[in-house]
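Student: I have a new structure to read. Can you show me how to go through its features?

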Amino acid sequence: MKMSKQFKYQHRLQQIIFYILLLVVIIGIAVLSNRYSFESDWTANQRHTLSSATNELLKALDSPVTIEVFISPGHQYQAAAESLLKRYQQYSQQLTVTFIDPVTQPQRVRELNIQQQAEIVVSGQQGQQHVFDLSEQSLSNAIIKVSRSNLPRLIFITGHGERDIVGDAAFDMAQWRNQLTITGFDMQTLTMAESMQNISPDDNAVLVIASSKQPWPKSDITQLEDYLQQGGNLLWLSEPETDIGLKAISEQLNLNFVPGTLIDPNAGKLGLEDPRFVIVTDYANHPVTAATSSVTLMPNAHAMQLSATESDWQVTQLMQSQSDSWSELGDMSSANLDTLSFDEELDIPGPLMLSVLMEKTISATKKQRVAVFGDGDFVSNLYLGTAANLELAMALVNWLVADDDSIQIPVIKTRDNQLILSDQQSLLIGLGFLIVLPLSLLIIGLSLGWIRKRR
(Lines give C-alpha, C1' and ligand atoms only; values in the text may rest on other atoms or scores of the structure.)
Protein backbone atom coordinates (compact mmCIF):
# COMPACT_ATOMS: atom_id res chain seq x y z
CA MET A 1 0.00 0.00 0.00
CA LYS A 2 1.41 3.34 -1.06
CA MET A 3 0.97 6.25 1.41
CA SER A 4 0.63 9.85 0.29
CA LYS A 5 2.79 12.64 1.67
CA GLN A 6 -0.21 14.16 3.44
CA PHE A 7 -0.95 10.87 5.20
CA LYS A 8 2.70 10.50 6.28
CA TYR A 9 2.65 14.07 7.62
CA GLN A 10 -0.54 13.46 9.58
CA HIS A 11 0.85 10.18 10.95
CA ARG A 12 4.06 11.85 12.18
CA LEU A 13 2.07 14.71 13.68
CA GLN A 14 -0.10 12.22 15.59
CA GLN A 15 3.03 10.49 16.90
CA ILE A 16 4.53 13.80 18.05
CA ILE A 17 1.30 14.84 19.77
CA PHE A 18 1.03 11.37 21.43
CA TYR A 19 4.56 11.56 22.83
CA ILE A 20 4.03 15.14 24.01
CA LEU A 21 0.81 14.15 25.82
CA LEU A 22 2.50 11.05 27.26
CA LEU A 23 5.35 13.23 28.57
CA VAL A 24 2.85 15.69 30.07
CA VAL A 25 0.98 12.85 31.80
CA ILE A 26 4.22 11.38 33.19
CA ILE A 27 5.37 14.80 34.50
CA GLY A 28 1.90 15.44 35.96
CA ILE A 29 1.85 12.07 37.75
CA ALA A 30 5.36 12.71 39.10
CA VAL A 31 4.38 16.14 40.45
CA LEU A 32 1.15 14.85 42.01
CA SER A 33 2.84 11.82 43.57
CA ASN A 34 5.48 14.08 45.08
CA ARG A 35 2.88 16.46 46.51
CA TYR A 36 0.17 14.00 47.50
CA SER A 37 0.25 10.45 48.74
CA PHE A 38 -2.35 7.71 48.66
CA GLU A 39 -2.12 4.46 50.56
CA SER A 40 -4.52 1.56 50.80
CA ASP A 41 -4.24 -1.18 53.41
CA TRP A 42 -5.70 -4.41 52.06
CA THR A 43 -4.66 -6.61 54.99
CA ALA A 44 -7.44 -8.55 56.71
CA ASN A 45 -7.33 -6.55 59.94
CA GLN A 46 -5.79 -3.27 58.72
CA ARG A 47 -2.55 -3.92 60.60
CA HIS A 48 -0.59 -1.41 58.47
CA THR A 49 -2.98 1.44 59.26
CA LEU A 50 -3.14 3.52 62.44
CA SER A 51 -6.34 3.17 64.42
CA SER A 52 -8.84 6.03 64.60
CA ALA A 53 -7.96 6.49 68.29
CA THR A 54 -4.30 7.10 67.43
CA ASN A 55 -5.27 9.46 64.60
CA GLU A 56 -7.36 11.57 66.98
CA LEU A 57 -4.57 11.52 69.55
CA LEU A 58 -2.01 12.81 67.05
CA LYS A 59 -4.30 15.49 65.66
CA ALA A 60 -5.00 16.74 69.19
CA LEU A 61 -1.32 17.05 70.20
CA ASP A 62 -0.69 20.61 71.32
CA SER A 63 2.88 20.26 72.63
CA PRO A 64 6.11 19.03 70.99
CA VAL A 65 7.01 15.36 71.32
CA THR A 66 10.45 14.01 70.44
CA ILE A 67 10.94 10.40 69.39
CA GLU A 68 14.46 8.94 69.37
CA VAL A 69 14.95 5.52 67.80
CA PHE A 70 18.17 3.72 68.72
CA ILE A 71 18.91 1.32 65.89
CA SER A 72 21.97 0.47 63.82
CA PRO A 73 21.83 1.13 60.05
CA GLY A 74 20.81 -1.99 58.18
CA HIS A 75 19.31 -3.66 61.23
CA GLN A 76 16.45 -6.07 60.51
CA TYR A 77 13.96 -3.84 62.38
CA GLN A 78 14.97 -0.57 60.71
CA ALA A 79 12.46 -0.77 57.86
CA ALA A 80 9.61 -1.63 60.26
CA ALA A 81 10.52 1.28 62.56
CA GLU A 82 10.71 3.76 59.68
CA SER A 83 7.37 2.58 58.28
CA LEU A 84 5.61 2.86 61.65
CA LEU A 85 6.95 6.32 62.48
CA LYS A 86 6.24 7.62 58.99
CA ARG A 87 2.56 6.85 59.55
CA TYR A 88 2.67 8.79 62.84
CA GLN A 89 4.30 11.87 61.27
CA GLN A 90 1.57 12.07 58.64
CA TYR A 91 -0.96 13.10 61.29
CA SER A 92 0.96 15.58 63.44
CA GLN A 93 3.51 18.36 63.01
CA GLN A 94 4.35 18.14 66.73
CA LEU A 95 6.40 14.96 66.32
CA THR A 96 10.16 15.10 65.80
CA VAL A 97 11.66 11.73 64.90
CA THR A 98 15.41 11.01 65.05
CA PHE A 99 17.19 7.76 64.24
CA ILE A 100 20.35 7.27 66.31
CA ASP A 101 23.10 4.73 65.69
CA PRO A 102 24.03 3.32 69.14
CA VAL A 103 27.59 2.62 67.94
CA THR A 104 28.37 6.20 66.92
CA GLN A 105 26.64 7.86 69.89
CA PRO A 106 27.51 5.77 72.97
CA GLN A 107 27.19 8.77 75.30
CA ARG A 108 23.52 9.24 74.41
CA VAL A 109 23.00 5.52 74.90
CA ARG A 110 24.41 5.77 78.43
CA GLU A 111 22.41 8.91 79.25
CA LEU A 112 19.12 7.23 78.41
CA ASN A 113 20.14 3.74 79.60
CA ILE A 114 19.30 2.13 76.27
CA GLN A 115 19.06 -1.65 76.62
CA GLN A 116 18.33 -3.04 73.15
CA GLN A 117 18.24 -2.41 69.42
CA ALA A 118 15.15 -0.60 68.11
CA GLU A 119 14.42 0.85 71.56
CA ILE A 120 12.41 4.07 71.32
CA VAL A 121 12.55 7.00 73.75
CA VAL A 122 9.54 9.33 73.67
CA SER A 123 10.06 12.72 75.35
CA GLY A 124 7.48 15.39 76.14
CA GLN A 125 6.37 17.87 78.78
CA GLN A 126 5.67 15.05 81.27
CA GLY A 127 9.10 13.42 80.97
CA GLN A 128 10.32 10.38 79.05
CA GLN A 129 8.97 6.95 78.24
CA HIS A 130 10.88 3.95 76.85
CA VAL A 131 9.18 1.75 74.25
CA PHE A 132 10.67 -1.69 73.71
CA ASP A 133 8.46 -3.07 70.94
CA LEU A 134 7.41 -1.67 67.56
CA SER A 135 3.68 -1.66 68.18
CA GLU A 136 1.06 1.05 67.81
CA GLN A 137 -0.31 0.32 71.27
CA SER A 138 3.00 0.85 73.08
CA LEU A 139 4.04 3.92 71.09
CA SER A 140 0.65 5.66 71.31
CA ASN A 141 0.40 5.03 75.05
CA ALA A 142 3.87 6.51 75.53
CA ILE A 143 2.85 9.63 73.57
CA ILE A 144 -0.29 9.97 75.70
CA LYS A 145 1.71 9.81 78.91
CA VAL A 146 4.40 12.35 77.99
CA SER A 147 1.94 14.81 76.42
CA ARG A 148 -0.72 14.93 79.15
CA SER A 149 -0.65 18.32 80.84
CA ASN A 150 -2.00 16.91 84.09
CA LEU A 151 -1.63 13.23 84.94
CA PRO A 152 -4.88 11.79 86.31
CA ARG A 153 -4.60 10.13 89.71
CA LEU A 154 -6.02 6.84 90.88
CA ILE A 155 -5.95 6.47 94.66
CA PHE A 156 -6.49 2.90 95.77
CA ILE A 157 -7.93 2.75 99.27
CA THR A 158 -6.19 0.31 101.60
CA GLY A 159 -6.66 -0.86 105.18
CA HIS A 160 -9.71 -3.09 104.68
CA GLY A 161 -8.22 -6.13 102.93
CA GLU A 162 -8.30 -4.67 99.40
CA ARG A 163 -6.50 -6.10 96.40
CA ASP A 164 -2.80 -5.25 96.13
CA ILE A 165 -1.93 -3.17 93.05
CA VAL A 166 1.69 -4.38 93.09
CA GLY A 167 1.08 -8.00 94.09
CA ASP A 168 1.63 -10.89 91.69
CA ALA A 169 -0.97 -13.19 93.22
CA ALA A 170 -3.99 -14.16 91.12
CA PHE A 171 -6.25 -12.01 93.34
CA ASP A 172 -4.04 -8.90 93.01
CA MET A 173 -3.87 -6.24 90.27
CA ALA A 174 -0.23 -5.74 89.29
CA GLN A 175 -0.95 -6.31 85.59
CA TRP A 176 -3.69 -3.67 85.56
CA ARG A 177 -1.38 -1.28 87.40
CA ASN A 178 1.29 -1.80 84.73
CA GLN A 179 -1.19 -1.01 81.97
CA LEU A 180 -2.38 2.11 83.78
CA THR A 181 1.20 3.29 84.30
CA ILE A 182 1.99 2.86 80.61
CA THR A 183 -1.12 4.81 79.65
CA GLY A 184 -0.27 7.76 81.88
CA PHE A 185 -1.95 7.43 85.27
CA ASP A 186 -0.43 8.39 88.59
CA MET A 187 -1.34 5.72 91.16
CA GLN A 188 -1.12 5.72 94.93
CA THR A 189 -2.12 3.35 97.71
CA LEU A 190 -3.40 5.25 100.75
CA THR A 191 -5.65 4.76 103.73
CA MET A 192 -8.92 6.66 103.75
CA ALA A 193 -7.54 9.23 106.18
CA GLU A 194 -4.39 9.75 104.08
CA SER A 195 -6.51 10.06 100.93
CA MET A 196 -8.57 12.89 102.38
CA GLN A 197 -5.35 14.74 103.18
CA ASN A 198 -3.96 14.30 99.66
CA ILE A 199 -7.02 14.78 97.48
CA SER A 200 -9.84 17.23 96.94
CA PRO A 201 -12.98 16.77 94.87
CA ASP A 202 -11.64 19.35 92.40
CA ASP A 203 -8.61 17.19 91.59
CA ASN A 204 -8.45 15.07 88.44
CA ALA A 205 -8.54 11.97 90.62
CA VAL A 206 -10.57 8.87 91.41
CA LEU A 207 -10.87 6.92 94.65
CA VAL A 208 -10.84 3.16 94.05
CA ILE A 209 -12.35 0.64 96.45
CA ALA A 210 -10.92 -2.63 95.16
CA SER A 211 -12.86 -5.49 96.74
CA SER A 212 -12.62 -4.75 100.46
CA LYS A 213 -12.81 -7.86 102.64
CA GLN A 214 -12.92 -6.31 106.11
CA PRO A 215 -15.55 -3.95 107.61
CA TRP A 216 -14.92 -0.23 107.27
CA PRO A 217 -14.72 1.78 110.50
CA LYS A 218 -17.27 4.51 111.01
CA SER A 219 -14.68 7.27 110.57
CA ASP A 220 -13.69 6.01 107.11
CA ILE A 221 -17.34 5.71 106.04
CA THR A 222 -18.05 9.27 107.15
CA GLN A 223 -15.05 10.58 105.21
CA LEU A 224 -16.17 8.70 102.09
CA GLU A 225 -19.70 10.09 102.43
CA ASP A 226 -18.31 13.64 102.68
CA TYR A 227 -16.03 13.03 99.68
CA LEU A 228 -18.97 11.95 97.51
CA GLN A 229 -21.16 14.76 98.81
CA GLN A 230 -18.50 17.26 97.71
CA GLY A 231 -18.36 15.85 94.17
CA GLY A 232 -15.50 13.34 94.24
CA ASN A 233 -15.14 10.53 91.69
CA LEU A 234 -15.34 6.90 92.77
CA LEU A 235 -14.76 3.39 91.38
CA TRP A 236 -16.27 0.74 93.65
CA LEU A 237 -15.51 -2.91 92.93
CA SER A 238 -17.81 -4.93 95.17
CA GLU A 239 -17.90 -8.68 95.87
CA PRO A 240 -20.78 -11.06 96.66
CA GLU A 241 -21.52 -12.10 100.23
CA THR A 242 -19.13 -9.48 101.65
CA ASP A 243 -20.54 -7.27 104.39
CA ILE A 244 -18.06 -4.41 104.77
CA GLY A 245 -20.48 -1.89 106.28
CA LEU A 246 -20.85 0.39 103.25
CA LYS A 247 -24.63 0.30 103.12
CA ALA A 248 -24.69 4.04 103.82
CA ILE A 249 -22.64 4.58 100.65
CA SER A 250 -24.90 2.41 98.50
CA GLU A 251 -27.92 4.28 99.88
CA GLN A 252 -26.22 7.59 99.08
CA LEU A 253 -25.87 6.32 95.50
CA ASN A 254 -29.46 4.98 95.44
CA LEU A 255 -28.26 1.41 94.97
CA ASN A 256 -29.22 -1.90 96.50
CA PHE A 257 -27.02 -4.98 96.14
CA VAL A 258 -28.85 -8.17 95.23
CA PRO A 259 -28.06 -11.04 97.63
CA GLY A 260 -26.44 -14.21 96.33
CA THR A 261 -23.95 -15.03 93.57
CA LEU A 262 -24.76 -14.78 89.87
CA ILE A 263 -25.00 -18.07 87.95
CA ASP A 264 -24.71 -18.16 84.17
CA PRO A 265 -25.57 -21.47 82.46
CA ASN A 266 -24.00 -20.12 79.25
CA ALA A 267 -20.48 -20.38 80.70
CA GLY A 268 -20.16 -23.87 79.26
CA LYS A 269 -20.36 -22.44 75.74
CA LEU A 270 -16.90 -20.93 76.28
CA GLY A 271 -15.55 -24.14 77.76
CA LEU A 272 -15.92 -22.93 81.36
CA GLU A 273 -16.93 -25.58 83.84
CA ASP A 274 -17.80 -23.11 86.61
CA PRO A 275 -21.23 -21.46 86.08
CA ARG A 276 -20.21 -18.59 88.38
CA PHE A 277 -18.39 -17.10 85.36
CA VAL A 278 -20.87 -14.60 83.95
CA ILE A 279 -20.55 -13.93 80.22
CA VAL A 280 -21.59 -10.35 79.45
CA THR A 281 -22.86 -9.61 75.95
CA ASP A 282 -25.54 -7.03 76.78
CA TYR A 283 -24.05 -3.53 77.03
CA ALA A 284 -25.58 -0.09 77.27
CA ASN A 285 -24.84 2.44 74.55
CA HIS A 286 -21.99 4.29 76.25
CA PRO A 287 -18.40 5.40 75.39
CA VAL A 288 -17.02 2.87 77.88
CA THR A 289 -18.59 -0.10 76.14
CA ALA A 290 -18.00 1.41 72.68
CA ALA A 291 -14.30 0.79 73.36
CA THR A 292 -15.01 -2.83 74.29
CA SER A 293 -14.67 -5.04 71.22
CA SER A 294 -16.16 -8.31 72.44
CA VAL A 295 -17.71 -10.09 75.40
CA THR A 296 -16.41 -9.61 78.92
CA LEU A 297 -16.12 -12.18 81.68
CA MET A 298 -17.19 -11.48 85.25
CA PRO A 299 -16.10 -14.29 87.60
CA ASN A 300 -17.95 -14.73 90.88
CA ALA A 301 -20.08 -11.58 90.64
CA HIS A 302 -23.24 -10.28 92.25
CA ALA A 303 -25.94 -7.99 90.95
CA MET A 304 -27.35 -4.64 91.99
CA GLN A 305 -30.59 -2.72 91.61
CA LEU A 306 -31.51 0.95 91.49
CA SER A 307 -33.71 2.12 94.31
CA ALA A 308 -36.98 3.87 93.61
CA THR A 309 -35.77 7.07 95.27
CA GLU A 310 -35.47 10.04 92.94
CA SER A 311 -32.00 11.52 92.49
CA ASP A 312 -30.14 14.01 90.34
CA TRP A 313 -27.74 11.36 89.03
CA GLN A 314 -27.66 10.56 85.34
CA VAL A 315 -27.59 6.75 85.51
CA THR A 316 -26.41 4.23 82.90
CA GLN A 317 -27.04 0.56 83.55
CA LEU A 318 -23.82 -0.46 81.85
CA MET A 319 -23.90 -4.26 81.84
CA GLN A 320 -26.52 -6.95 82.36
CA SER A 321 -26.38 -10.69 82.69
CA GLN A 322 -28.22 -12.87 80.18
CA SER A 323 -31.90 -13.65 80.54
CA ASP A 324 -31.39 -17.26 81.64
CA SER A 325 -29.00 -16.31 84.45
CA TRP A 326 -30.01 -15.99 88.09
CA SER A 327 -28.74 -14.99 91.51
CA GLU A 328 -28.18 -18.17 93.49
CA LEU A 329 -29.25 -17.86 97.13
CA GLY A 330 -28.65 -21.48 98.09
CA ASP A 331 -25.56 -22.87 99.75
CA MET A 332 -22.89 -23.51 97.11
CA SER A 333 -20.09 -24.45 99.47
CA SER A 334 -20.72 -28.18 99.19
CA ALA A 335 -22.95 -28.32 96.11
CA ASN A 336 -21.84 -29.71 92.79
CA LEU A 337 -21.70 -26.66 90.54
CA ASP A 338 -22.48 -28.78 87.50
CA THR A 339 -25.91 -29.66 88.88
CA LEU A 340 -27.00 -26.17 89.93
CA SER A 341 -30.44 -25.23 88.69
CA PHE A 342 -32.78 -22.29 89.12
CA ASP A 343 -35.10 -22.52 92.12
CA GLU A 344 -38.20 -20.42 91.47
CA GLU A 345 -39.06 -20.22 95.17
CA LEU A 346 -35.60 -19.15 96.35
CA ASP A 347 -33.41 -17.70 93.60
CA ILE A 348 -33.71 -14.33 91.82
CA PRO A 349 -34.16 -14.60 88.02
CA GLY A 350 -32.18 -12.61 85.47
CA PRO A 351 -31.37 -10.57 83.59
CA LEU A 352 -29.66 -8.68 86.41
CA MET A 353 -27.56 -5.53 86.42
CA LEU A 354 -23.82 -6.10 86.93
CA SER A 355 -22.53 -2.53 86.82
CA VAL A 356 -23.78 1.03 86.80
CA LEU A 357 -22.28 4.39 85.84
CA MET A 358 -23.45 7.62 87.46
CA GLU A 359 -22.78 11.18 86.40
CA LYS A 360 -23.72 14.48 87.96
CA THR A 361 -22.95 18.06 86.91
CA ILE A 362 -21.26 19.92 89.77
CA SER A 363 -20.34 23.13 87.94
CA ALA A 364 -19.74 24.44 84.44
CA THR A 365 -16.32 22.79 84.37
CA LYS A 366 -16.75 19.86 86.75
CA LYS A 367 -18.65 16.58 86.47
CA GLN A 368 -18.77 13.97 89.19
CA ARG A 369 -18.53 10.38 87.97
CA VAL A 370 -19.07 7.15 89.88
CA ALA A 371 -18.83 3.54 88.68
CA VAL A 372 -20.01 0.57 90.73
CA PHE A 373 -19.28 -3.03 89.67
CA GLY A 374 -20.55 -6.19 91.28
CA ASP A 375 -17.20 -7.85 90.63
CA GLY A 376 -13.53 -7.07 91.07
CA ASP A 377 -12.05 -10.26 89.68
CA PHE A 378 -12.30 -9.06 86.09
CA VAL A 379 -9.34 -6.69 86.72
CA SER A 380 -7.30 -9.22 88.71
CA ASN A 381 -4.06 -10.71 87.41
CA LEU A 382 -5.83 -13.97 86.65
CA TYR A 383 -8.65 -12.60 84.48
CA LEU A 384 -7.52 -9.20 83.14
CA GLY A 385 -6.34 -10.71 79.86
CA THR A 386 -9.54 -12.71 79.35
CA ALA A 387 -11.92 -11.69 76.53
CA ALA A 388 -12.32 -7.85 76.49
CA ASN A 389 -11.75 -7.33 80.24
CA LEU A 390 -8.66 -5.16 79.73
CA GLU A 391 -10.40 -2.94 77.15
CA LEU A 392 -13.31 -2.43 79.53
CA ALA A 393 -11.04 -1.64 82.49
CA MET A 394 -8.98 0.93 80.59
CA ALA A 395 -11.98 2.66 79.01
CA LEU A 396 -13.63 2.77 82.44
CA VAL A 397 -10.85 4.71 84.18
CA ASN A 398 -10.51 7.13 81.26
CA TRP A 399 -14.22 7.90 81.58
CA LEU A 400 -13.97 8.34 85.36
CA VAL A 401 -11.28 11.02 85.04
CA ALA A 402 -13.33 12.71 82.28
CA ASP A 403 -10.60 11.93 79.74
CA ASP A 404 -13.05 10.70 77.12
CA ASP A 405 -10.64 11.26 74.21
CA SER A 406 -7.96 8.96 75.62
CA ILE A 407 -9.18 5.55 74.56
CA GLN A 408 -7.15 2.42 74.94
CA ILE A 409 -5.28 1.92 71.66
CA PRO A 410 -6.26 -1.46 70.26
CA VAL A 411 -3.72 -4.21 69.79
CA ILE A 412 -3.58 -5.04 66.09
CA LYS A 413 -2.86 -8.72 65.72
CA THR A 414 -2.14 -10.78 62.65
CA ARG A 415 -5.00 -13.14 62.02
CA ASP A 416 -4.32 -16.74 62.87
CA ASN A 417 -4.46 -18.56 59.53
CA GLN A 418 -3.04 -21.79 60.87
CA LEU A 419 -4.88 -24.93 59.77
CA ILE A 420 -5.14 -27.48 62.55
CA LEU A 421 -6.00 -31.02 61.45
CA SER A 422 -6.97 -34.02 63.51
CA ASP A 423 -5.07 -37.31 63.21
CA GLN A 424 -7.82 -38.80 61.02
CA GLN A 425 -7.85 -35.79 58.70
CA SER A 426 -4.06 -35.91 58.38
CA LEU A 427 -4.23 -39.63 57.58
CA LEU A 428 -6.87 -39.10 54.88
CA ILE A 429 -4.86 -36.32 53.24
CA GLY A 430 -1.71 -38.45 53.33
CA LEU A 431 -3.46 -41.44 51.77
CA GLY A 432 -4.97 -39.13 49.17
CA PHE A 433 -1.60 -37.87 48.02
CA LEU A 434 0.18 -41.23 48.25
CA ILE A 435 -2.48 -43.57 46.84
CA VAL A 436 -5.68 -41.93 45.59
CA LEU A 437 -4.09 -39.16 43.48
CA PRO A 438 -1.48 -41.40 41.71
CA LEU A 439 -4.10 -44.10 41.14
CA SER A 440 -6.52 -41.56 39.66
CA LEU A 441 -3.85 -40.25 37.28
CA LEU A 442 -2.99 -43.81 36.25
CA ILE A 443 -6.65 -44.64 35.53
CA ILE A 444 -7.07 -41.42 33.52
CA GLY A 445 -3.94 -42.20 31.48
CA LEU A 446 -5.00 -45.78 30.73
CA SER A 447 -8.50 -44.59 29.80
CA LEU A 448 -7.14 -42.02 27.35
CA GLY A 449 -4.84 -44.63 25.77
CA TRP A 450 -7.69 -47.10 25.37
CA ILE A 451 -9.93 -44.46 23.76
CA ARG A 452 -7.22 -43.51 21.25
CA LYS A 453 -6.60 -47.16 20.25
CA ARG A 454 -10.29 -47.64 19.50
CA ARG A 455 -10.21 -44.71 17.11
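Tutor: We will take a sheet, then a helix. Keep in mind that this is a predicted model.

Student: What is the strand order of the open sheet of 4 strands?

Tutor: The order is 2-1-3-4, and the pairing is mixed.

Student: Which strands stand at the edges?

Tutor: An edge strand has a single partner strand, so one side is left without a neighbour in the sheet. Here the edges are strand 2 (95–100) and strand 4 (127–131). From one strand to the next, the twist averages 20°.

Student: What packs on the sheet?

Tutor: Helix 5 does, touching strand 1, strand 2, strand 3 and strand 4. The helix direction makes about 170° with that of strand 4.

Student: In which sense do strand 1 and strand 3 pair?

Tutor: Read the bridges. Strand 1 (residues 65–70) and strand 3 (residues 119–124) are antiparallel, over 5 bridges. E68 has V121 of strand 3 opposite.

Student: What joins strand 3 to strand 4?

Tutor: A hairpin, through 2 residues. These two strands also pair in the antiparallel sense over 5 bridges. V122 has Q129 in strand 4 as its bridge partner.

Student: Now the helix. Which residues of helix 6 are buried?

Tutor: Buried means under 20% relative accessible area. In helix 6 (residues 174–183), that holds for A174, W176, L180 and T183.

Student: What covers the buried residues of helix 6?

Tutor: The cover includes helix 5 (136–147) and helix 11 (389–400). Strand 5 (153–157), strand 6 (186–190) and strand 8 (233–237) also belong to the cover.

Student: Which residue follows helix 6?

Tutor: G184 does, and its phi is positive, near 110°.

Conventions:
Residues are numbered from 1 along each chain as its sequence is written. This is a predicted model: local features need pLDDT of at least 70, side-chain atom pairs count only at pLDDT 80 or more; totals for chains, interfaces and linings use all residues. Side-chain values use heavy atoms; hydrogens and water are left out. Buried means under 20% relative accessible area, exposed over 50%, partly exposed in between (1.4 Å probe, protein chains only). Contact means heavy atoms within 4.5 Å. Two strands pair if DSSP finds at least two bridges between them. Axes are lines fitted to C-alpha atoms, for helices over the stretch in contact, and angles run from 0 to 180 degrees between N-to-C directions.
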